[in-house]
Amino acid sequence: MSETTQETTTVSPVGIKARHKRFLWIIFGLAFFAAIVALVLNAFGSSITYFYSPTQVVQDEAPHGRAFRIGGMVEGGSVVRDGSGLTVRFNVTDTAETVAVVYTGILPDLFAEEKGVVAQGKLDEYGVFQATQVLAKHDENYVAPEVQAALDEAHKARAAQTLEQ
Amino acid sequence: MIPEIGQFALVLALLLVMVQGTLPLIGASKGISAWMALSRRTAQGAFFFLSLALGCLIYSFIVNDFSVLNVANNSNTKLPVIYRIAASWGSHEGSIMMWVFMLGMWSCAVSIFSKHLPEEMVARVLGVMGCVSMGLLLFLLLTSNPFDRLFPVPLEGRDLNPLLQDPGMILHPPMLYMGYVGFSVAFAFAVAALLGGRLDATWARWSRPWTTLAWCFLTIGILIGSWWAYYELGWGGWWFWDPVENASLMPWLVGTALMHSLAVTEKRGTFKVWTVLLAICTFSLSLLGTFLVRSGILTSVHAFAVDPQRGMFILALLALVIGGSLALFAFRAPKVGTGGTFKIISRESALLANNVLLAVACGTVLLGTLYPLFLDALKLGKISVGPPYFEAVFVPLMAPLVFLMGVGAVARWKEATLPDLWARLRWAAAITLVAAVALPFILGRTSPTSVALLALGFAMAFWIITASLAGLFDRVKYVEGSFREKLARQPRSFWGMFAAHIGVAVFIIGVTVVKGFEIERDVRMTPGDTVAISNYTFRFESMGERTGPNFHASRGTFELSKNGKPVRKLYPEKRMYFAHGMPMTEAAIDSGIFGDRYVSLGEPINDGKDSWSVRVYHKPFVTWIWYGCILMTLGGLLAISDRRYRVSARRETAKPSLPPLEPAKLEKA
Amino acid sequence: MKKKLLLLIPLVVFFVLAGFFVVGLGLNPKEIPSPLIGKPVPAFSLPDLNAPEKAVTPQDFLGQVWLLNAWASWCVSCKTEHPSLARLAKTSDVSIIGMLYRDKPENGSEWLRRHGDPFTVSIADADGSVGIDFGVIGTPETFLIDKQGIIRYKQTGPINEEVLNKKIIPMIKELKQL
């Protein structure tokens, strides 16, 4: 493309044409760039899921009617399977607050009570989290960073409370 | 004793690459040929010591030397020998060791197969590779020593992560690393060209086979990884857009662009600056991939040991290698000069457009992968970017890419005309159109979205196949002889391109059909129950137990029948590994040319009747995804074996300073 | 000149990325220190697992360096770290207090009988209330406490040989000399 630039300076009759062409190229490039940005923004808009801790959900900071992720520990003794099918109910806790989660399907290998979990889904009108996806991590010792952060936050908040009292 | 030898070998290798990374480079700029001559010997010596070190590490794993920390943490006496060997590169330390070893291997290969290159070029290329080796060896020795001792010696090791105890995992990392590291050769050639100011068609011819070979390894590595995730994770998916997967996809995309851009630079002498930038970016993305995976900076299903100190070290290394080479690029690229011109409608512009599309695709993947990190760093909340983002961005970028793939393969260099292109491609276009419209209906789909998606997929696949055939027809039209002779006269590089492009089509068919027709069902089954999907029936016969070398498994027996006739038994397992206490799903797959039937066990349901939650799949044509990748790799290998490289190698020894080909300028003059 | 600036774009993009990585590494979840580090150990009074009538409090360990290990019989990772803890108990005279977390005392005693008891003293936190004060989010977690009763280090997840050799043992040595 720089070849054309050189031509602009040396051969004047071609120069106008070349400048014209260059202008077209710039327009084309900008249009392409705009299309990509539109594509990316559109894709982001529909597939970004925010992450909330149980405390945030209980304090009503999480959206209603929009999918998000919730993370924490599966509360010990809270996993209940319904009689007939594959529906599971369990509580996710960040040690400060607890949110009930319902999920139908097969849970990942590493899903266990007292272990970290991330669930994706929506809150229903009763405040129960209807999960469409449950993720547990591949390492039994591993806590997802979001889960860790949620737990730490809850802990800090509680520590602050006890100090105030 | 053996680990000490390994450690010592690493130190010796470091000393050698220190020489390799400095003296030849200085020698090349000052014209001291004795210093330049050091490059080959040091590279070979370093490779010898790196092999010795790797050998010592593997030996320590085989003999269960738990006095080595790395062995104690990643192996176990009950682990089968083959996995003990694989465990040598299963850990963080081991994988970096593997990385360095392979870098040594590629350097050594360059030192052997570079007889026809000017001494100065060899010195620079090996010098650059030496610098990279130096950085990684320092990283290995200072922060991730694979031979660190442990005292007192434990009686038993912690065992290898059960997920990695799988044939796919034995091969996946070495192949992937061969690819990642292989791009260092293209990178070194590019940096050497910037340093020396020599960047012409011969330069491109030298770098091409190396780049293609690395690309082949990377393709196979990604393929094995995807296949492994498919059958080992028990979710039936073959690509999850997980950060670790994306880390390997990005260099592949840019590497693909680089391969094609090099072809143009070799044949037409154009795109030089762009080619150099792609070469730098491809290797940079390989390094970045290693960084992202090893630093634990991103949340991923692949949870590796997280150590910020290591992360800092790799980041510093990245800054030096990538920052340094990009700075060099910014200052030296204007001196490289440009090549011949071409018109908007020409093979060059089709290839350039595809290059841009591939680079943009890589950019969007990078953005999606790092976006959560950006937001988190700016304290804007914790988010995750899901597969829908990647699919929504990737498919619209791939559609024009595939269209141009067909056009580029038949368009003439320099200048093509639309009527001429139309004449060559009209049959291809007609067949594509008919197939895309008819096939979804023939296959019994009526809902608008699924018809549209299927039509798009089939259109892309058929377009590639028919346009490639049109290209083949064009080439043989004027060749004398029988049809067989006509085909035999085509150079291997053409067949390489042909095979690789058909591979892309096969891949697209696989993806399209799986997306459109896969059936997944999660059911609760008690022995005796059946579940039917399409014309297959799975009958849950019984539940049993099995004890493996280092695990205990609950094993289900399923009978698969097609149209009522028994096909075979399937034995999915739920394993519990002794050392990790970690449950692992082992899916059972009935695999065929036209797809897979897949059963995996969920979890037992305590109702006293041996009930389990079970996941069954019918995945038509999923195997075509892997076949496509294999074809692409074969295509790459065919292209490398083209005799042109050997012939030109001989010619260049006689005439070392061939001027760059610039036919466009000549014609103008 | 304009062209030269264009060629600088890749470099600039890279350094912006690198900037984010530097920040990102700092955000590393495992780097976030426990809010309890440097704070006095939370007060508790829990029954001795082997002698339930006896209460154990942090005051019992004032003047010595000790470890508090929260574990449970249902916890798989606790079994993983068991050999390392046993080795520490054998090779060092540091007191290791095992806190059975959210588990029935009889399960805990049974587990210790079967796998060996590395603990100097075992206490039972059956309802997990003391665990909460310690910010225990999962088992195993281990706290290293100095002679003044200040928490100095927290290990989330199992102790492996690397952690033991590189962190815990050197820290114990150091704290003992204070």
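Two residues are taken to be in contact if their C-beta atoms, placed from the backbone, lie within 7 Å. The structure is a predicted model, in which local features need pLDDT of at least 70 and side-chain atom pairs count only at pLDDT 80 or more, while totals for chains, interfaces and linings use all residues. Residues are numbered from 1 along each chain as its sequence is written, and chains are lettered from A and ligands numbered from 1 in the order in which they are written.

Between chain B and chain C, 31 residues of chain B are in contact with 29 residues of chain C. On the side of chain B that touches chain C, the elements giving two or more residues are α4 (69-74), α11, α12 (308-336) and α13 (347-377) of chain B; helices (H or I, at least four residues) and strands (E, at least two) are DSSP runs, numbered from the N terminus. The most is given by α12(B), with 14 residues. By residue class, this side of chain B divides into 23 nonpolar, 6 polar and 2 charged. Ala, Val, Leu, Ile, Met, Phe, Trp, Tyr, Cys and Pro count as nonpolar, Asp, Glu, Lys and Arg as charged, and the others, Gly among them, as polar.

In chain C, strand β6 (residues 141-145) is largely enclosed by the rest of the structure, because 5 of its 5 residues are buried. A residue is buried if 20 or more other C-beta atoms lie within 10 Å of its own, exposed if 12 or fewer, and partly exposed in between, with C-beta atoms placed from the backbone. In a regular strand the side chains alternate between the two faces of the sheet. Both faces of β6(C) are covered, with C:Glu141, C:Phe143 and C:Ile145 buried on one side and C:Thr142 and C:Leu144 buried on the other.

Strand β6(C) runs antiparallel to strand β3 (residues 66-71) of chain C, to which 5 bridges join it; two strands pair if DSSP finds at least two bridges between them. In this pairing C:Trp66 stands opposite C:Ile145. Strand β7 (residues 151-156) of chain C also pairs with β6(C) in the antiparallel sense, over 5 bridges, and here C:Leu144 faces C:Tyr153 as its opposite residue. The strands β6(C) and β7(C) form a hairpin with 5 residues between them, and C:Gly149 in the turn has a positive phi of about 85°.

A further hairpin is found in chain B, where β9(B) and β10(B) are separated by 2 residues. Strand β9 (residues 588-592) and strand β10 (residues 595-605) of chain B are antiparallel and pair over 5 bridges, with B:Ser591 opposite B:Asp596.

Helix α2 (residues 23-30) of chain B packs on helix α7 (residues 119-143) of chain B at an angle of about 145°, the axes being 8 Å apart. Axes are lines fitted to C-alpha atoms, for helices over the stretch in contact, and angles run from 0 to 180 degrees between N-to-C directions. The contact involves B:Pro24, B:Leu25, B:Gly27 and B:Ala28 of α2(B) and B:Glu120, B:Ala123, B:Arg124, B:Leu126 and B:Gly127 of α7(B). These residues divide into 5 nonpolar, 2 polar and 2 charged.

Positive phi values occur in loops of chain B. B:Phe271, not a glycine, has a phi of about 60° and lies in the loop between α10 (243-268) and α11 (272-295). B:Phe271 counts as buried, with 24 C-beta neighbours inside 10 Å. B:Ser534, also not a glycine, has a positive phi of about 40° and is placed in the loop between β3 (530-533) and β4 (536-547) of chain B. B:Ser534 is exposed, with 12 other C-beta atoms within 10 Å.
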